[in-house]
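Work through the exercises below with the structure in view. Try each task before you read its solution.

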2 protein chains.
Amino acid sequence: MLTERQLLILQVIIDDFIESAQPVGSRAIAKKDSITYSSATIRNEMADLEELGYLEKTHSSSGRVPSEKGYRFYVDHLMSPFDLSKADITFIQDAFTYQMLEFERVVQQSARILSDLTNYTSIILGPEVYETKLKQLQIIPLSNYTAVAILVTNTGHVEHRSFTIPVVIQPVDLEKMVNILNEKLYGVAIIDLHRKLRTEILELLRKHTIEYDKAYQYLQAALFEEQSSKLYVGGKTNILMQPEFKDIDKVRALYSMIEEEVEIAHLLRNDTEDIKISIGHENEVSAMQNCSLITASYSLGDDQMGTIALLGPTRMEYSKVISLLNLLSNRMSQTFQSWYYSGPDGKQ
Amino acid sequence: MLTERQLLILQVIIDDFIESAQPVGSRAIAKKDSITYSSATIRNEMADLEELGYLEKTHSSSGRVPSEKGYRFYVDHLMSPFDLSKADITFIQDAFTYQMLEFERVVQQSARILSDLTNYTSIILGPEVYETKLKQLQIIPLSNYTAVAILVTNTGHVEHRSFTIPVVIQPVDLEKMVNILNEKLYGVAIIDLHRKLRTEILELLRKHTIEYDKAYQYLQAALFEEQSSKLYVGGKTNILMQPEFKDIDKVRALYSMIEEEVEIAHLLRNDTEDIKISIGHENEVSAMQNCSLITASYSLGDDQMGTIALLGPTRMEYSKVISLLNLLSNRMSQTFQSWYYSGPDGKQ
DNA sequence: GTTAGCACTCGATTCCCTTGAGTGCTAAAT
DNA sequence: ATTTAGCACTCAAGGGAATCGAGTGCTAAC
């Protein structure tokens, strides 16, 4: 068990290192206002903290640097809550008052806010489209041979895909089909669309169009190809600003990691209500092992929608990042909520 | 005027340097099969070529490096046409045979192809949406207070924007409005939409809806906000692979430059039929002055649509890049063409 | 005109020395 | 029993000096 004094010293060291990115020496600590002991005492405590695994040295005569265990202890027990500046808060509020009526827009804006306010890289995992519901389906002919299919969900999300119209299908058939589909599929969750199309609608359609199979096949290709949830990344170049990434190879590794959308999406998904923090080697992926990843989730009512995250060096401003993620995930959830339950202005 | 031998030597030096990124020495040149002179002779010629400004030394006893004037001469007179490998060609053809029916898709795919095949960064400037024509306008209500407006162009491009419905406007008004708009605006170029809305349609609409002004204002906000042509960037991280960018500051400068979409768009626009090459300081922007930018344009029929470009170090594989850009811009133009004039399969 | 030969240049690498920030330990002070 | 002052020690970083070698320019011979 750590003594009060050790707790204090550990906290001060980590705070200092997070700010300065330089190994912290005993003299520097002794000078702090909150510290009343001499550098020699500090040295003794530091030696103990090192032995306990909370601190490390970069070389035998260097100052101390927090270990991953140190950071873990810090975020669990030590760190003091961060008060966002008035400026930051109004910045966020402002961003959310002006015409935030589209999912994509909210998410992109949020990613941007996060990266701008932290100098880290923000990653936002979009919702599983599956959970939203079909509002309207439309097929708009572009030429005699091509058309664009448009799918609108209740969240205002629009998917579209152009396709060639098979010769055997007449425009009038197409129209009939769309009518039937809209009638039968309105309000159906996107995740169920596929199944429903294949079963219930099949018979119905057969009565009206001769070439159901072909039409079905095309429709499916047109609409259901990429419904995997999207990744929004903000401030990718912020990584370059961090002193721990002055070595270009690390940057390269991290970038190619971020481009692995599938893997990242998997890593991110945070199903809990809480904020989740992964420090250094707590991350499974090797390219991220000198990084920390902090994730929070946003939701619509009780439904988890997606995850917002910040990726930075292990020497991260945990406290600030957590405050920000909390504020922003709430703000996002609120916004989505307001689209459904609020007054005519869509404001709270 | 350069002698035959000088031309040969210059060519060999630049070819070598483009491949190796290392200053080229006289001995290395003398060893090449195509060179029958001794290193001493080469040295004399190199000294002359340096005096003429085509070569430079990095320091007084180093090998030679092409100057920007050298590169310029090389691309204008020296470089031999590059035969793309069978593999590369089939790779491109394959990419274009499978369901390329959306503008975005074609462009994104192309950007990817370019960056993958070259290890440079590709930038594609989308078409001015203005030049395309309105196919259909739709407003789909999402709730009592919100709706999504969708605009489809003849190129299969879909724009959409959610908005709040002003209280004063009834759903039935909305419907009427959309009908009128579709009737009157079908086939109108996007660039003319604005004007037309403001003039001709105004009176017509006034007869039918009470709150035209409000509706107009909302419609406009919903549909015409971001019609600037889009930028598609591929292989941004390829920059990190080039030895001339092992210095992180240069990378940072270049990245923040690329993010200036407006400026880049302006730089890129290539209104000629031909391929345009800007070497080093021929670029106005300082962050690009150790880069070369090669642009080509793609078109629909006789209408220039947009620009595709590759950005790399001045030591670029000009010859290969040019072949690739030629092939790809043609392939893109063809594809767009085929959407309009070809048979039911959309194939040539 | 071409080439061999040689002195010369200069970046890169290595080694050594110095500096200074920081430690650990011991002994004295509280 | 803590705390602190003092001192010897460690090691990274930075600054020459020495060495190496790739490459040049020039001269004289072919």
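**Exercise 1. Find what joins Lys236(B) to Glu259(B), and say where each residue sits.**

Step 1. The two side chains meet in a salt bridge, 3.7 Å from N to O. A salt bridge here is a side-chain nitrogen of Lys or Arg within 4 Å of a carboxyl oxygen of Asp or Glu.

Step 2. Lys236(B) is in the loop between strand S7 (231-234) and helix H11 (238-241) of chain B, and Glu259(B) is in helix H12 (residues 248-259) of chain B. The pair links distant parts of the chain, 23 residues apart. Helices (H or I, at least four residues) and strands (E, at least two) are DSSP runs, numbered from the N terminus.

Step 3. Lys236(B) is partly exposed, at 29% relative accessible area. Glu259(B) is partly exposed too, at 44%. The cut-offs are under 20% for buried and over 50% for exposed, with partly exposed in between (1.4 Å probe, protein chains only).

A note on the source: this is a predicted model, in which local features need pLDDT of at least 70 and side-chain atom pairs count only at pLDDT 80 or more, while totals for chains, interfaces and linings use all residues. Residues are numbered from 1 along each chain as its sequence is written, chains are lettered from A and ligands numbered from 1 in the order in which they are written, and side-chain values use heavy atoms, with hydrogens and water left out.

**Exercise 2. Which parts of chain B does the salt bridge of Asp16(B) and Lys32(B) tie together?**

Step 1. Start with the distance. The side chains come to 2.7 Å, N to O.

Step 2. Asp16(B) lies in helix H1 (residues 4-20) of chain B, and Lys32(B) lies in the loop between helix H2 (26-31) and H3 of chain B, so the bridge ties together parts that are 16 residues apart in sequence.

**Exercise 3. Describe the salt bridge of Glu244(A) and Arg315(A).**

Step 1. The closest N and O atoms are 2.8 Å apart.

Step 2. Glu244(A) is in the loop between helix H11 (238-241) and helix H12 (248-259) of chain A. Arg315(A) is in the loop between strand S10 (303-313) and helix H14 (318-341) of chain A. The partners are 71 residues apart.

Step 3. Glu244(A) is partly exposed at 25% relative accessibility, but Arg315(A) is buried at 7%.

Step 4. The structure holds 18 salt bridges over all chains.

**Exercise 4. What do chain B and chain A bury between them?**

Step 1. Count residues. 46 residues of chain B are in contact with 44 residues of chain A. Contact means heavy atoms within 4.5 Å.

Step 2. The buried area is about 3900 Å², and carbon and sulfur atoms give 61% of that. Buried area is the accessible area (1.4 Å probe) that two parts lose on being put together, summed over both.

Step 3. Look for links. There are zero salt bridges between the two chains. Five residue pairs are in polar contact across the interface, both residues at pLDDT 80 or more. A polar contact is a pair of N or O atoms within 3.5 Å; within protein, one must be able to donate a hydrogen and the other to accept it, and residues adjacent in sequence count only if both atoms are side-chain atoms.

Step 4. Find the main contributor. On the side of chain B that touches chain A, S6(B) gives the most, with six residues.
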